[in-house]
Amino acid sequence: MMEKDTHNLLINGEFVPAASGETFTTFDPATEEPLAEVAKGAQDDVNRAVESGREAFDKWRAMPPEKRGRLLTQLAEAIRDDIDRLSELETQDNGKPLSQARADVEGCARYFEYYAGIADKIHGNSIPLTHDYTDYTVREPLGVTGQIIPWNFPINLVGRTVAPALAAGNVAVAKPAEQTPLSALEVGKIALDVGFPPGVFNVVPGFGADAGAALASHPDVNGISFTGSVVTGQQVAKLATDNVTPVHLELGGKSPNVVFPDADLDVALNETITAIFGTNAGQVCSAGSRLLVHEEIHDVFIDKLVERTAELSLGAGIDDPAVGPLVSIDQYEKVQKYVDIGRSEVGEPIVGGDVLDRKGYFVEPTIFDDVDNDMRIAQEEIFGPVLSVVEFKDDDEAIELANDVDYGLVAGIFTTDVGRAHRFARDVNAGQIYVNEWFAGGVETPFGGYKQSGFGREKGLEAIESYTQVKNVCFKIDR
Ligand code: NAI
Ligand code: MG
């Protein structure tokens with residue numbers, strides 16, 4: 001359905017080729033066939049985009065906040081109106097099942113809608129400094145902000161990172177991942193169509209080492225949002241730090257999904273599947289990739305889990321199976337390598353693990369049982385449909401195991417014991433705690449990491465803090 005014409009960069013309200021004239025190909029991971037040619041942004045293009053953002057900034061921040069908010073609302077509505085086309089495009093570029101792509105497009109619209117409502121509610125404080133002063137704070141936008149976006153939730157993360165930036169009066173230069181550049185360009189186009197001024201919302205696809213690094217190191221960029229791997233996040237933070245540019249990092253996870261015998265085990269079973277297999281084939285920073293099961297229910301729970309896992313349908317995203325292909329050959333090879341590592345660490349997986357003789361980057365949902373928490377498959381982010389099961393005997397051990405990784409993005413517990421759940425929430429070091437539902441929360445709830453999962457918060461009102469700076473104004477009263 002997609003023409004293989006070139007998708008150009010969106011800079012200063014116009015779709016333009018890369019300064020170099022170069023393009024790159026994005027693929028459909030279900031077929032391994034080329035999907036589209038895309039202009040390959042690099043340093044010169046990022047420079048142009050940042051420059052146009054700088055020029056647009058003064059007017060954008062000075063626009064009455066309610067008017068900015070109204071534009072964001074219109075963008076949200078226009079994204080919703082186009083949901084069929086956008087979901088298909090996302091599925092083709094990324095591989096994920098169509099109903100999940102649809103939820104991601106809806107999520108993108110929801111971010112613009114949510115932050116639209118905040119645009120005119122970004123308040124400062126008044127501080128009672130003593131009778132002789134009037135003191136207040138204002139929250140001001142940072143200026144030109146850069147959004148470096150990964151391939152796992154391409155359109156959703158455009159909403160998550162760009163919407164709060166624009167609502168707070170910043171302008172944006174978004175750099176989608178080279179594997180999935182199309183939907184960000186579409187959102188940028190819709191923004192233009194509904195009336196965003198040129199230069200406010202730029203989109204520069206390209207490779208990380210060129211366009212990404214150019215954005216992170218640009219001296220005239222005033223804030224960077226990065227979502228992706230720890231290693232790249234470290235590089236981005238170093239580049240940004242050279243210019244003392246604030247950065248927030250949303251990195252990976254190896255999140256513990258803890259099941260106690262007193263849980264509703266049917267719920268826990270469904271949620272465990274959703275947590276690692278049923279959402280983007282496990283390519284999720286907040287995937288429940290480490291299942292900690294109490295010894296008393298281990299056998300019965302794992303038997304059912306294996307049965308359910310073996311039944312999961314695998315197919316092209318467009319046919320809306322339970323599990324689609326992985327995004328790229330690189331990700332496929334990385335995950336297969338971890339399946340081999342798992343085999344050498346604990347032996348055969350109890351389900352899955354076969355190499356499939358078919359086109360497309362499909363990996364079977366795979367479970368390793370009897371995993372030791374210090375094995376690599378319990379410590380390292382695999383980012384695919386591979387689950388490591390670790391057994392525990394009591395609350396203390398569950399909490400100790402939950403915390404015994406370098407990451408701290410999310411942690412989930414399934415239990416009906418309120419005290420046990422509160423203790424878990426208190427003692428586990430993670431930015432999000434889920435109780436009795438995986439991926440609990442929404443656009444409204446702050447999201448971000450402890451430990452190596454990053455710093456800074458996105459989503460909710462907290463994101464506005466990541467995209468503003470505080471100015472304190474102090475008046476001495478003469479008499
Ligand atoms: P990556 O972290 O390298 O890529 C994410 C984004 O950063 C992309 O837009 C990429 O173009 C950009 N980028 C890459 N190198 C850059 C650089 N030097 N400067 C600036 N930007 C740069 O992730 P990659 O290589 O695609 O995936 C590898 C692993 O990273 C995955 O297997 C997974 O474990 C993890 N990952 C985590 C994500 C998350 O949601 N936390 C998302 C994607 C990947
Ligand atoms: Mg693609």
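Predicted model: local features only at pLDDT ≥ 70, side-chain atom pairs only at ≥ 80, totals over all residues.
Biologist: How many residues surround ligand 1?

Modeller: A residue is counted if one of its heavy atoms lies within 4 Å of the ligand. The closest are W151, K175, E178, K334 and E381. The number of residues that surround ligand 1 is 27.

Biologist: How many residues of the shell around ligand 1 are charged?

Modeller: By class, the shell has eleven nonpolar and eleven polar residues. The charged residues in the shell number five.

Biologist: Which residue has a side-chain N or O atom 2.7 Å from an oxygen atom of ligand 1?

Modeller: A polar contact needs a pair of N or O atoms within 3.5 Å. With S229, the ligand oxygen is 2.8 Å from a polar backbone atom. With Q235, a ligand nitrogen is 3.2 Å from an N or O atom of the side chain. The side chain at 2.7 Å from a ligand oxygen is that of W151.

Biologist: What share of the accessible area of ligand 1 does the protein cover?

Modeller: Ligand 1 sits in the largest pocket. On its own, ligand 1 has 810 Å² of accessible area. The protein covers a share of 87%.

Biologist: Where does ligand 1 lie relative to domain 1 and domain 2?

Modeller: Domain 1 covers 6-251 + 454-472, and domain 2 covers 256-442. Because both domains give residues to the shell, ligand 1 lies between them.

Technical notes. Residues numbered from 1 in each chain as written. Chains lettered and ligands numbered in written order. Heavy atoms only, no water. Polar contact = N/O pair within 3.5 Å; in protein donor to acceptor, adjacent residues only side chain to side chain. Areas by Shrake-Rupley, 256 points an atom, 1.4 Å probe, with all protein chains shown as cover. 1 Å grid on protein atoms, 1.4 Å probe; cavity = no way out; pocket = protein on both sides within 12 Å on 5 of 7 lines; lining within 4 Å. Sits in = over half its atoms within 2 Å of the grid points. Nonpolar A, V, L, I, M, F, W, Y, C, P; charged D, E, K, R; others polar. Domains from an automatic or database assignment.
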